[in-house]
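Hello,

Here is the structure I promised to pass on to you. Have it open beside this email while you read.

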Amino acid sequence: MRTIFMPPGRIHVWQWVLLALGAGAMLTAQAGWVELHRVFKPLAMVAALLAVCAPRFAPRSARRLRARHWLLAALVFSLAGDVCLMLDGLFIPGLVAFLCAHVCYIRLFALDAPWLPRRTPLVACLLLGAGVYSVLWGHLPAELRLPVAAYVLVIALMAAQAVGRALVRASRAARCVAYGALLFMLSDTLLAVDRFVQPLAWAGLGVLGTYYAAQWLIVHGMLQTSQQD
């Protein structure tokens, strides 16, 4: 069990900072401390960006340099999405920002593995996404149905690519990334249910807890991959 679930390699100080700031964002969201939440939430992703830029993880090859660029792009779009979702009236820009982040993650996960290399995770992720969307359909405003459908498709492909990559590479670092991608799907599902179907009493903990765990696992797994290749 330890071999499968413990994250590989040493943890950089900025990754610990990401965890601390993510916990602060969760607690302030749950407690309703709006102003403090608006500080903690974006700072958590800034810590993720600083972790990726740490000299210790300097790319050793041109492919790893491209991987760093795609990872940074995904985190920047995630940061933009975080800011938009904190502010009233910016749900659609936030959705677009996170959609761009997932596209960057898809490209990142395809740098060292074939495109959608395993059929089983692809079918499973698409069916899961379709199931979630079927629940949301009747609760979505008409103008959001198409954008949300596109978003669900993209995040399902992102998770399928990450899991397929883990099966191909068969490394702890790749499995770490795959767990993060699946947690991203869970986080977005909880967010959608809370926003459109039924408010969740523990949304501040559930949505953000799975979100920061997802980002942390993806960042950590990709950084360890950069040191192994």
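Predicted model: local features only at pLDDT ≥ 70, side-chain atom pairs only at ≥ 80, totals over all residues.

**The core**

Let's begin on the inside. The largest nonpolar core has 60 residues, and those that touch the most other members are Leu71, Leu75, Tyr105, Phe109, Phe184 and Tyr212. Two or more residues of this core come from each of helix 2, helix 3, helix 4, helix 5 (91–109), helix 6 (119–137), helix 7 (142–169), helix 8 (172–197) and helix 9 (203–228). Helix 7 is the biggest giver, with 12 residues.

Setting aside residues up to four places away in sequence, Phe109 touches Met158, Gln161, Ala162, Arg165, Val177, Ile218 and Met222.

**Asp82**

Next, find Asp82, which sits in helix 4 (residues 62–86). Is Asp82 buried or exposed? Its relative accessible area is 2%, so Asp82 is buried, because anything under 20% counts as buried.

What does Asp82 contact, leaving aside neighbours within four places in sequence? The partners are Lys41, Met45, Phe98 and Tyr211. With Tyr211 there is also a polar contact of 3.0 Å between the two side chains.

**Thr28**

Thr28 belongs to helix 2. Thr28 has a relative accessibility of 4%, so this residue is buried too. A polar atom of the Thr28 side chain lies 2.8 Å from the backbone oxygen of Gly24. Not counting residues up to four places away in sequence, Thr28 touches Trp33, Leu36, His37 and Phe40.

**The surface**

Now turn to the outside. A nonpolar patch on the surface is formed by Val13, Trp14, Val39, Leu43, Val46 and Leu50, which together have about 460 Å² of accessible area. Which helices each supply at least two residues of the nonpolar patch? They are helix 2 (13–31) and helix 3 (34–52). The largest share, four residues, comes from helix 3.

Val39 is one of the patch residues, and it lies in helix 3. With a relative accessible area of 44%, Val39 is partly exposed, because that class runs between the 20% limit for buried and the 50% limit for exposed.

Enjoy exploring, and write back with any questions.

Best wishes

How values were computed: Residues numbered from 1 in each chain as written. Heavy atoms only, no water. Patch = residues over 30% accessible without salt bridge, like charges linked within 9 Å, V, L, I, M, F, W, Y side chains within 5 Å. Areas by Shrake-Rupley, 256 points an atom, 1.4 Å probe, with all protein chains shown as cover. Salt bridge = Lys/Arg side-chain N within 4 Å of Asp/Glu carboxyl O. Buried < 20%, exposed > 50% of the residue type's maximum accessible area, 1.4 Å probe, protein only. Contact = heavy atoms within 4.5 Å. Polar contact = N/O pair within 3.5 Å; in protein donor to acceptor, adjacent residues only side chain to side chain. Core = buried A, V, L, I, M, F, W, Y, C linked by side-chain atoms within 4.5 Å.
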